[in-house]
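Let's walk through this fold together, one piece at a time.

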Amino acid sequence: MGAYLREQRLLAARSMLSDPRYAGLGMSSIGAAVGIRDLSTFERAFRRQRGTTPAVWRREHRHHARRPGDRAAENAPLPSRTV
C-alpha cells in the first residue's frame, strides 16, 4: 500500500512540474502539495522513480504556456492535492 501511495504522489508531482500553472512553486511546495513534506525525501524518491531530480524533470518536460482560447488546456483538470 505504501509503494502505491508513493507512486501516486510522485505521478502528481510529475504532472505539477510539467504544468506552467505551477511554474512559480518551488520543489518544497510541490513536494508538500503531494504529501511529501521533506525536500530531501521528495528529491530522493523522485530520483529513484524517474532517474532524475525534480528540477531537471521540470526543465526538460515543462509544457509551453497555454494560449488564450486553447479549450483543451483551459479545461484540463488540476492534479489532485491529496493522494
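In which helix does Ala 12 lie? Ala 12 lies in α1, where helices are DSSP runs (H or I, at least four residues) numbered from the N terminus. Keep in mind that this is a predicted model, where local features need pLDDT of at least 70, side-chain atom pairs count only at pLDDT 80 or more, and totals for chains, interfaces and linings use all residues. Residues are numbered from 1 along each chain as its sequence is written, and side-chain values use heavy atoms, with hydrogens and water left out.

Ala 12 counts as buried because its relative accessibility is 10%; buried means under 20% relative accessible area, with a 1.4 Å probe and protein chains only. Its C-alpha atom is 10.0 Å from that of Gly 35, 23 residues apart along the chain.

Now look at how α1 (residues 2-18) sits against α3 (residues 39-50): their axes come within 10 Å and cross at roughly 90°. Axes here are lines fitted to C-alpha atoms over the stretch in contact, with angles from 0 to 180 degrees between N-to-C directions. The two helices are therefore roughly perpendicular, a label for angles of 65 to 115 degrees.

The structure holds 2 aromatic pairs, meaning rings of Phe, Tyr and Trp (its six-membered ring) with centres within 6.5 Å. Phe 46 and Trp 57 have ring centres 6.2 Å apart and planes at 70°, so they are edge-to-face, the term for planes over 60 degrees apart. This pair links α3 to α4 (residues 54-61), 11 residues apart. Phe 46 and Trp 57 are buried too.

Note on methods. Angles under 35 degrees count as roughly parallel, over 145 as roughly antiparallel, 65 to 115 as roughly perpendicular and the rest as oblique. Buried means under 20% relative accessible area, exposed over 50%, partly exposed in between (1.4 Å probe, protein chains only). Rings of Phe, Tyr and Trp (its six-membered ring) pair if their centres lie within 6.5 Å; planes under 30 degrees apart count as stacked, over 60 as edge-to-face and the rest as tilted.
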